[in-house]
Structure formats: C-alpha cells, structure tokens
Amino acid sequence: MFRDVSSCNTYNYGDALYWDARYVAEQGGAFDWYQRYSSLRPFVRKYVPTSARVLMVGCGNALMSEDMIEDGYEDVMNIDISSVAIEVMRRKYELVPQLKYMQMDVRDMSCFPDESFDSIIDKGTLDSLMCGSDAPISSARMLGEVSRLLKAGGTYMLITYGDPTVRMPHVNRPVYNWKIELYVIPRPDFNSPAGCSSMKSYLEPVPTTEKGFLPPDFVLEDPDCHFIYVCKKMDESKICTHPSFKS
Ligand SMILES: C[S@@+](CC[C@H](N)C(=O)[O-])C[C@H]1O[C@@H](n2cnc3c(N)ncnc32)[C@H](O)[C@@H]1O
C-alpha cells in the first residue's frame, strides 16, 4: 500500500494525545481543516439528502456539522478520538438535538450496527491516520468500518489533500465495492495566476484512468488543491450475474 507522508511534517496526527493537547490549547475555539461547508455545500447537497442519517468521522471542533444543520440536515452523528474535542462540542451543542457527539476510534466503531448510516463524511481524518506509525493497518481498519456502517447505495465522502496515486489504492479496493467519483477543488485562498483563467468547472467530476488516477495530461491549476472522493456503496443484491449457458 502507498503511504503518503508528504504533509505529515513533524506532528503525529495519528496520535490521540496530540489531538487532545491541541484541543486543550485551542480553548474551545472552532477550526475547519481544508474547506468550510460553504465551499463543500454543492457536493454535500448533491450526494447527501437532508433526511440522511449522517456520520461525521473525526469531527474535531469544526463548524461543518453545525453548518449542515443550519442548511436543513436533520441527523448528524459526530465521532472523534479526542475526548477533549467531544466534551467541548457536546457542551456547545447540548441544545441542538440534531447534533450528537461520541468519543470513539474510527478504527473500531462496533457500537454502531452494520448499515447504520446513509452517508459518512470524512474531512481530514483518513489523512491523520495516514500520518500514524501503523498507517496501512489503521487506514484499512477505518475504511473497513466505514464500509460496514454504510447502507447499500450510501456514500462515503472523503475530503483530503491526498491525490489519487496515494488515496485510490486505499479506497478503490474490490472488497468495498464502491463506485468512485473524483472532484478537485482549489484551496479557499487560491488565486488563479493573472491572465490564466480556466474554463474548467470544479463542480464536475474529473476524468480518471482505469486505476482511478488522473490522466497524464491533467493539469492541477492549484498544485495544493483538495480532492473529494465520492464513494458510493453499490448494492450487492443488484449486481447482475449473467447466466452461463451450457450445452
Ligand atoms: C485534520 S483533523 C480534521 C477535523 C475536522 N474533520 C475538520 O474538518 O476540521 C482530524 C481529526 O481526526 C481525529 N482523529 C484522528 N485519529 C482518529 C481516530 N483514530 N478515530 C477518530 N478520530 C480521529 C482528530 O482528533 C481530529 O479531530
């Protein structure tokens, strides 16, 4: 399996103690990694019905779930390995019944039965696990749990800095049976170079090769862009098996 440590720098993002210390230092503040809900809204509204039962994995102290509720979502369960983050968020949203918070390791979500959720959203959490010492095992455990918890036809939306060469080998495994669409979005503060205006709409899925990689001639306008992998769990009962005809 590929391991991408290019953005891990010196912090141990795979370690719960690192996150607890960070959330203590942030003193109850809020921070959204990568993108705010306002930029992600077109994708979330396209793939996640407002009536969906949603699981936000590794919610941290982000405003994303609150913003979704304000936009009409009715049921967002949030989990995080950091008890500090969960305590802060639980207190903050104690009067918002649509938001629930539980301290949990995304690699073991056994307190939820199979097929509990219509949609699972991950903004930066698989990325954190990929920085841990046992990254390949952790990511396989996490994605196995995500697959187990998704209803057939449900979607896992992964928002990440990881390009397809380092993420597809993890998400595009036959055992999950996910149909994957890929989007590329610029960082919120990215300005196109002057005079270089692109006609590309980032609201359209990008073409990928058979292995799920970007075609060799694909140009990333923002080299530090973010990627959205929309992974739809296919309904196994509807897989067409052709009858074999024997003479
Ligand atoms: C990069 S932050 C992203 C936070 C939030 N999703 C956002 O968009 O701002 C990664 C989060 O994953 C959490 N995390 C790391 N490892 C985890 C694990 N094994 N299980 C659950 N959460 C984990 C961290 O505590 C942290 O809140």
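Tyr-18 is located in helix H1, where helices (H or I, at least four residues) and strands (E, at least two) are DSSP runs numbered from the N terminus. The structure is a predicted model, in which local features need pLDDT of at least 70 and side-chain atom pairs count only at pLDDT 80 or more, while totals for chains, interfaces and linings use all residues. Residues are numbered from 1 along each chain as its sequence is written.

Tyr-18 counts as partly exposed because 16 C-beta neighbours lie inside 10 Å. A residue is buried if 20 or more other C-beta atoms lie within 10 Å of its own, exposed if 12 or fewer, and partly exposed in between, with C-beta atoms placed from the backbone. When neighbours within four places in sequence are left aside, Tyr-18 is in contact with Tyr-11, Asn-12 and Tyr-13; two residues are in contact if their C-beta atoms, placed from the backbone, lie within 7 Å. Between Tyr-18 and Ser-82 there are 9.0 Å in space, C-alpha to C-alpha, and the two are 64 residues apart in sequence.

The average pLDDT of the chain (the predictor's confidence in each residue, from 0 to 100) is 90, and 89% of the residues score at least 70. Over residues 240-247 the pLDDT is below 50, and this stretch has zero contacts in the model beyond near neighbours in sequence.

Seven helices and seven strands make up the elements of the chain. Their order from the N terminus is α-α-β-α-β-α-β-β-α-α-β-α-β-β. Of the 247 residues in the chain, 35% are buried. Among contacts between residues at least 6 apart in sequence, 75% join residues at least 24 apart.

The ligand is surrounded by 20 residues, of which Trp-19, Gly-58, Gly-60, Ala-62 and Gly-124 are the closest. A residue is near a molecule or strand if its C-beta atom, placed from the backbone, lies within 6 Å of it. Helix H5 (residues 125-129) supplies the largest share of this shell, three residues. By class, the shell holds nine nonpolar, six polar and five charged residues; Ala, Val, Leu, Ile, Met, Phe, Trp, Tyr, Cys and Pro count as nonpolar, Asp, Glu, Lys and Arg as charged, and the others, Gly among them, as polar.

In the largest nonpolar core, which has 58 residues, Val-54, Ile-120 and Ile-228 touch the most other members. Such a core is a set of buried Ala, Val, Leu, Ile, Met, Phe, Trp, Tyr and Cys residues joined through C-beta atoms within 7 Å. Apart from neighbours within four places in sequence, the contacts of Val-54 include Val-48, Tyr-73, Met-77 and Phe-117.

In helix H7 (residues 164-171), the buried residues are Pro-164, Arg-167, Met-168, His-170 and Val-171. Seen down the axis of H7, these residues fall within an arc of 165°, so they line one face of the helix; the arc is that of the directions from the helix axis to the C-beta atoms. The buried residues of H7 pack against helix H6 (135-149) and strands S5 (150-160), S6 (178-185) and S7 (226-233).

Asn-177, in the loop between H7 and S6, has a phi near 55°, a positive value in a residue other than glycine. Tyr-34, in the loop between H1 and helix H2 (37-47), has a positive phi near 70°. Tyr-34 is partly exposed, with 19 other C-beta atoms within 10 Å.
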